[in-house]
Amino acid sequence: MLMSKSVALLVGGVLCAAEISAVEGQQPITDRVFAMHRATSIPGEDPAVRWPLAPRRRRLGAWAENQHGEHYLFGPSAIPLEGGEGYYHTAYMILHSAWIAPVNGLAVGGGFQALSVIASFRGVNDPIVFLGLRGSVPVGNGIHLGLFGLGAPPSTAAPFHQPAIPVPHVALGVAQVTLGDHDLQITGSFGWGTTASGLTEHPAFALGGLLRITDRVAFISENWSLPFGREPYRIYTYGVRFMHRKFAGDVAFLINREFTRFFATGIPYVGIALRF
C-alpha cells in the first residue's frame, strides 16, 4: 500500500502531461511540449537535453540548483556525477560512505560501518567495509542509463556481549534507468546478488524517486527488494530532503514487515550528505 502511494505521487507529474491531449490537425504532442519548454528554458541551455516536465519555476531560474539528484537515501540514481565531483553520505552517523567521479559518468566509492570499526579495536572482529563502482550516461530527453555494483569482503562481526560471528562475502550488481532530472525523477533498478555460495536465488530490484516541492524541500522515496537471506528482504521508505547549497539532510521512515510490529509509521531515519 505504501509503495503504491509513493509511486502514485512520484509519477503524478508525469501523468499531468496527458492533459495536453493530441487533437487531430494540431501539432503533435511531443512537439508542443518541447516548444513550451524552449520558451521557458534558462538562456543558454540546450532544450533537447532537458526533461520537458521539469518544474517551471526551476526552468525560470527561481530555484537554486539541486546538487543532490544523483543519490537517494541508500543507493544512487542513474544521473551521472560530473568529473572531479563527489559526495560524502552518512546514515544514523553509523554507516559512512563517499563517492568521487574521476571522469564524467564514472564514480568510485567505499564506506564502512562505524560500530564494527570501533569493536575491531578490541581485536575480536574485523571492520565491515564495502567498495563500489558506478557508471551512468544520459541518452537524451531526460533518460539516463547506469550500472552500479557494491561488494563487501568476508569479515567477522561481534554482536553486543556475544562472540564474533563470520560475515560472508556479499556483492550486488544492478542496472538502472532514471527518467527525469535533478528536480523530478523516477529510477528503476534491477540486478542480482552473489554470496560465497554463488548467485542469489532471487533478483534485486528497486523503485525510487524524488519530487522537488520548493527551493529547499523535496519528497523522496526509495524501495528495495534485496535477495540476501532465505526470502527477499523488502524495505520501503518515504520522507523529505532538506537542501541548502552543498548540504542535504534526509528525514524519513523505513518500513518493512518487522518494523511495523513496533512502529506503525516505520523506523525513523536520518541521513546527511555533503557535496565536494
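What follows looks at a few strands and then at some salt bridges. Keep in mind that this is a predicted model.

Let's start with Leu145, which sits in strand β5, residues 143-152. Is Leu145 buried, exposed or partly exposed? Its relative accessibility is 41%, so Leu145 counts as partly exposed. Leaving aside residues up to four places away in sequence, Leu145 touches Ala78, Gly135, Ser136, Val137, Val139, Gln176 and Val177.

Strand β4, residues 129-140, pairs with β5 in the antiparallel sense over nine bridges. One place to look is Gly140, whose bridge partner in β5 is Ile143. The two strands form a hairpin with two residues between them, and Asn141 in the turn has a positive phi of about 55 degrees. β5 also pairs with strand β8, residues 170-180, again in the antiparallel sense, over ten bridges. There, the bridge partner of Leu150 in β8 is Leu172.

On to the charged side chains. How many salt bridges does a search of the whole structure find? The search turns up six. One of them links Glu70 to Arg275, with the closest N and O atoms 3.2 Å apart. Glu70 lies in the loop between α3 (56-59) and β1 (86-91), while Arg275 belongs to strand β15 (residues 267-275), so this pair ties together parts that are 205 residues apart in sequence. Glu70 is buried, with a relative accessible area of 5%, and Arg275 counts as buried too, at 8% relative accessibility.

Next, find Arg212. Its side chain meets that of Asp183 in a salt bridge, 2.8 Å from N to O. Arg212 is in strand β11 (residues 204-212) and Asp183 is in the loop between β8 and β9 (184-195), so the pair ties together parts that are 29 residues apart in sequence. Both Arg212 and Asp183 are buried. Arg212 also forms a salt bridge with Asp215, at 2.9 Å from N to O. At 5% relative accessibility, Arg212 counts as buried, whereas Asp215 is partly exposed, with a relative accessible area of 25%. Shared partners turn up elsewhere as well: Glu70, Glu85 and Arg275 are joined into one network by salt bridges that share partners.

Terms used
Residues numbered from 1 in each chain as written. Predicted model: local features only at pLDDT ≥ 70, side-chain atom pairs only at ≥ 80, totals over all residues. Heavy atoms only, no water. Helix = DSSP H or I, 4+ residues; strand = E, 2+ residues; numbered from the N terminus. Buried < 20%, exposed > 50% of the residue type's maximum accessible area, 1.4 Å probe, protein only. Contact = heavy atoms within 4.5 Å. Pairing = 2+ DSSP bridges. Salt bridge = Lys/Arg side-chain N within 4 Å of Asp/Glu carboxyl O.
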